[in-house]
Amino acid sequence: LFSKHGVFLPEEVEARSGVMFENYATLIKIEATTMIEMVNTGLIPACARDLKTYEGSKLGQKREELYLALQTACEDLEATSAGLPHDADEAAEAHYCADKIVPAMTACRKAADAAEGLIERSLYPFPTYADIIYGHH
């Protein structure tokens with residue numbers, strides 16, 4: 001379309017699409033790495049401390065299942081991110097990110113959201129939406 005109407009030469013269209021694919025893949029890689037770090041250094045330790053509160057009681061059973069699901073989802077995200085084909089072209093990297101890494105991030109986020117609803121407030125390592133919205137009052 002751009003070439004047909006004289007906006008860009010075919011080489012310019014290809015170069016621009018390459019840059020856009022590369023930018024997308026880079027953004028997803030940064031977000032996945034950040035998510036993995038936040039889960040491993042913030043959420044999992046908070047989950048462990050919260051679970052310790054219920055040690056010897058059946059009350060923590062649901063928590064243990066959800067916290068293990070979070071750990072598994074994070075491990076899956078790590079493995080999926082490590083499987084990114086580095087020798088592929090920009091388009092293949094971007095498609096891998098969209099088809100594999102983003103769904104793994106979504107699963108990890110879903111598990112993190114479920115855990116957030118159970119972790120004792122004082123142990124939760126990040127500001128909640130309520131803290132952000134109403135924290136200044």
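Visitor: Why is Phe 126 called partly exposed?

Guide: Phe 126 has a relative accessible area of 24%. Buried means under 20%, exposed over 50%, and partly exposed in between, with a 1.4 Å probe and protein chains only; Phe 126 is therefore partly exposed. This is a predicted model, in which local features need pLDDT of at least 70, side-chain atom pairs count only at pLDDT 80 or more, and totals for chains, interfaces and linings use all residues. Residues are numbered from 1 along each chain as its sequence is written, and side-chain values use heavy atoms, with hydrogens and water left out.

Visitor: Why does Tyr 124 count as buried?

Guide: The relative accessibility of Tyr 124 is 16%, so this residue counts as buried.

Visitor: What makes the pair of Tyr 124 and Phe 126 edge-to-face?

Guide: A search of the whole structure finds one aromatic pair. The ring centres of Tyr 124 and Phe 126 are 6.0 Å apart and the planes stand at 85°, so the pair is edge-to-face. Rings of Phe, Tyr and Trp (its six-membered ring) pair if their centres lie within 6.5 Å; planes under 30 degrees apart count as stacked, over 60 as edge-to-face and the rest as tilted.

Visitor: Why is the sulfur of Cys 47 too far from that of Cys 108 for a bond?

Guide: A disulfide requires two cysteine sulfur atoms within 2.5 Å. The closest cysteine sulfur to that of Cys 47 is in Cys 108, 11 Å away, and therefore too far for a bond. Cys 97 is in no disulfide either, as the nearest cysteine sulfur, that of Cys 108, is 16 Å away. The count of disulfides comes to zero.

Visitor: Why does Cys 97 count as buried?

Guide: Cys 97 has 0% relative accessibility, and therefore counts as buried.
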